[in-house]
Amino acid sequence: METLKKPHAAILASPGLGHLIPVIEFAKRLVVHHNFAVTIFAIPSHSSPAEAQLLEAAMSPKLFDVVELPQPDISGQVSPDAAVVTCLAVMMRTCRPAFRLAISSMENRPNLLIVDLFGTEYLSIAEELQIPKYVYIATNAWFLALTIYLPVLDKEVNGEYIDQKERLRIPGCRSMRPQDVVDPMLERSDQQYREYLRVGTEIPKSDGILMNTWEDLQQTTLDALRNENFLGRFCKVPVYTIGPLTRPIANQRDDIIDWLDKQPEESVVFVSFGSGGTLSYEQMTELAWGLELSHQRFIWVVRPPTTSADAAFFTVGESSDDPSAYLPDGFLDRTRDLGRVVLMWAEQAQILSHPSVGGYMSHCGWNSSLESLTNGVPMIAWPLYAEQRMNAEMLTEELGVAVGPEELPTKKVVVREEIEKMVRKILVDQEGNEIRARVKEIKDSANKALSEQCGSSYVALCRFAEQCCKSAPCRNTRQPW
Ligand code: UDP
């Protein structure tokens, strides 16, 4: 006779810290709030110290198991200049047999599979196993709307999306400036476009979608996703908004935190471009001058300049070059009292939560955007790649919590005078105070959503957990496979 057991979720994380971080936070919630057992399957993109540290920190206390799949070798399958999304898709495909083997040889086999954005090809494995299958989209609802509507756009739009004269319409949602489309939509003949299109067709085949956002933040888009007259036509499965799930604040003491402790409240701009973002030499020079000319305090996470904006995606944390080699002559000396430069990687969540931080110049990755919103920190939107241009447009135009340069930084070098102006706008000018007031309202709304007193995200995760308990085959014997 079968006895009921708690759900055991296998959660598959795509390569990259921006994917692993929200998966870990999601796993913790399932374990702590809903008594799930969780095994995270991680696909290492490379042996990064930041990734190793992250996993180590996530394991104390040990709330879930982590199975690291062998690092996939895709060198013979993609050209050296293949786009990040192509590499991610091929890495995921290459790891499928290893995942199947790992899961089938587990003594206590999971009875539920959750994949993230690039794992949708694994949903068929859940079908073979006859277990429920969900997709966790660790970003926002507007991105999901675009992704599941892409198969329609693919049929209806002629030519390149970026060459369209009008905004791209997404039923029931904010339309999109052609220049803000996600990277895989920039060139339709590229493999990354086909991979992204495939993901858009696979997501609705899951049993449900979880998202790292919350109802009040994106009500209109969420309504459209659930309405049969709009996007609900293309996606009939439940959408659970369970965010904002962000990293816990580290509480570690280091030189940066000591320095922040000595600065006035909300006086420092934090400058960082996420786990993978990099700038050109010319842009770094302008940024350095812009910061210096603003006479405002700063913390800047620097990486050696490159020609491609996502150059550090697979290599973050590996270099420790002397930054004076690529920063303007004398910059470090002249700004000694005004700012701090950190090489490669900083404890971002802890920095953003510090009371001295008053602004964040950001690449607008979704995790970082949430970390800024939940700490009530206004932003300077500096999108570089992936879906960051969409996020930037949403943060500046829709939510009004960020300022941005006139032209996208991916199109044109942002000059020092404009940088100086943006920094002063959020730290000094009246406009900054208005933005700060709005972002603080959003911070409150985020806290409300997570509240165990019927907060919308708390309730959504409860509903998801209930659904899993009903539908996951709960046996304590090994399932035939
Ligand atoms: N991050 C960090 N230190 C850094 C750079 C990034 O801790 O120096 C963390 C950041 O706090 C966030 C994640 O890495 O949680 C980046 O995810 P996001 O979605 O913002 O952007 P991505 O890096 O995936 O583009």
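1. Start with helix α12 (residues 366–374), which is mostly covered: nine of its nine residues are buried. "Buried" here means 20 or more other C-beta atoms within 10 Å of the residue's own, against 12 or fewer for exposed and partly exposed in between, with C-beta atoms placed from the backbone. The buried set is W366, N367, S368, S369, L370, E371, S372, L373 and T374. They pack against α1, α11 (348–352), β11 (357–362), β12 (379–381), α13 (388–398) and α15 (430–450). Contact means C-beta atoms, placed from the backbone, within 7 Å. Just after α12, G376 takes a positive phi of about 65°.

2. A word on the model and the labels. This is a predicted model: local features need pLDDT of at least 70, side-chain atom pairs count only at pLDDT 80 or more, and totals for chains, interfaces and linings use all residues. Residues are numbered from 1 along each chain as its sequence is written. Helices (H or I, at least four residues) and strands (E, at least two) are DSSP runs, numbered from the N terminus.

3. Now the core. The largest nonpolar core has 142 residues, and I11 and A145 are the ones with the most contacts inside it. Such a core is a set of buried Ala, Val, Leu, Ile, Met, Phe, Trp, Tyr and Cys residues joined through C-beta atoms within 7 Å. Helix α3 (residues 84–104) gives the most to this core, with ten residues. Leaving out residues up to four places away in sequence, I11 touches V23, F26, A27, V38, I40 and I114.

4. Next, α1 with α2. Helix α1 (residues 17–34) and helix α2 (residues 49–58) pack at about 5°, with their axes 11 Å apart. The axes are lines fitted to C-alpha atoms, for helices over the stretch in contact, and angles run from 0 to 180 degrees between N-to-C directions. The two helices are therefore roughly parallel to each other; angles under 35 degrees count as roughly parallel, over 145 as roughly antiparallel, 65 to 115 as roughly perpendicular and the rest as oblique. L17, L20, I21 and I24 of α1 meet A50, E51, L54 and A58 of α2. By class, that contact has seven nonpolar, no polar and one charged residues. For these classes, Ala, Val, Leu, Ile, Met, Phe, Trp, Tyr, Cys and Pro count as nonpolar, Asp, Glu, Lys and Arg as charged, and the others, Gly among them, as polar.

5. Then α5 with α6. Helix α5 (residues 141–156) and helix α6 (residues 191–202) pack at an angle of about 115°, axes 7 Å apart. That makes α5 and α6 roughly perpendicular to each other. T147, I148, L150, P151 and D154 of α5 make the contact with Y196, L197, V199, G200 and T201 of α6. These residues divide into six nonpolar, three polar and one charged.

6. Two cis peptide bonds to look at. One joins S60 and P61, with omega about 0°, and P61 is found in the loop between α2 and β3 (65–68). Another joins G243 and P244, also with omega about 0°; P244 lies in the loop between β7 (239–241) and α8 (255–261).

7. Finally, positive phi in residues other than glycine. E266 has phi near 50° and sits in the loop between α8 and β8 (268–272). E266 counts as buried because 20 C-beta neighbours lie inside 10 Å. A386 has phi near 50° and lies in the loop between β12 and α13. With 27 C-beta neighbours inside 10 Å, A386 counts as buried.

How values were computed. Contact = placed C-beta atoms within 7 Å.
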